[in-house]
Amino acid sequence: LRVSMLLFSGGEPLLRKDIFEIAEYGKNKGLTMVMAPNGTLLNDENIRKIMSSGIKRISVSIDGPDAASHDNLRQVPGAFKQACEGIERARKAGLEFQINTTVTKRNIGLLPQIMKLAKDLGAKAHHIFLLVPTGRAKEMIDEELSPGEYEETLKFLAQEKKKSSLEIKVTCAP
C-alpha cells in the first residue's frame, strides 16, 4: 500500500497500554509515526516514551484561543488548561507538535486568535478541520459552516498560508 505514515488518534491513544510498543514496531518497519493525544496525559514520562518509541510529532486539538471558548466547544471543563500544559511540556522536551482546530459556527470568528496562539505556543503546524457533521458530530449539524463561510474561511487560510511561519493545512472542506 506504500503507507509511509501512521497516526495514532482516538479517543485518547495514550490510554492504550501497548501504544509505545506498537509505535516502536512501526518505526522499525520504516513508518513515520505520529500521535494525536488530547494533551491531558502529556506528562514528562509519557513525553519521554513518545519520543523514545519513535513518534516524530504529536497533534493536540485547540478549538479556541482561551479556556472559555475551547472548553465550551469540547464540553470538558479544564481541557484547555490541561492541553496547554501538556503542549508546554512537549515543547520543553523538544517534541515537535502541531495544533489541530475544528472550525464551527461557534469558533469561526476566533480563528485568527487561535492561529496566533498556535504560533505563540511554538507549534510547527496548524491543521484546520472544517466540521463535517458525521459520526458523533451529527449532533452538531447546526454548527456546520454555510457555503459562504466555507469559502471565506478557505480564502482567509490561503492568505495566512502565504505569510505564516506555520505549516497550514486544511482537511475536511467539502
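This is a predicted model: local features need pLDDT of at least 70, side-chain atom pairs count only at pLDDT 80 or more; totals for chains, interfaces and linings use all residues.
Before you start: residues are numbered from 1 along each chain as its sequence is written, and side-chain values use heavy atoms, leaving out hydrogens and water. Local features need pLDDT of at least 70 and side-chain atom pairs count only at pLDDT 80 or more, while totals for chains, interfaces and linings use all residues.

**Exercise 1.** Work out which strands pair with β5 and how the chain gets there from β4.

*Solution.* 
1. Find β5 at residues 125–130; strands here are DSSP runs of E, at least two residues long, and helices are runs of H or I, at least four, both numbered from the N terminus.
2. Look to β4 (residues 96–103): 6 bridges join β4 to β5, and the two run parallel. Strands pair if DSSP finds at least two bridges between them. In this pairing, Asn-100 stands opposite His-127.
3. Follow the chain from β4 through helix α5 (residues 111–121) to β5, a right-handed β-α-β crossover; with the strands pointing away from you, the path from the first strand over the helix to the second runs clockwise.
4. Now turn to β6 (residues 167–171), joined to β5 by 5 bridges and also parallel to β5. Here His-126 stands opposite Ile-168.

**Exercise 2.** Determine how much of β5, and of the protein, is buried.

*Solution.* 
1. Apply the cut-off: buried means under 20% relative accessible area, exposed over 50%, and partly exposed in between, with a 1.4 Å probe and protein chains only.
2. Count along β5: 5 of its 6 residues are buried.
3. Widen the view: buried residues make up 41% of the protein's 174 residues.
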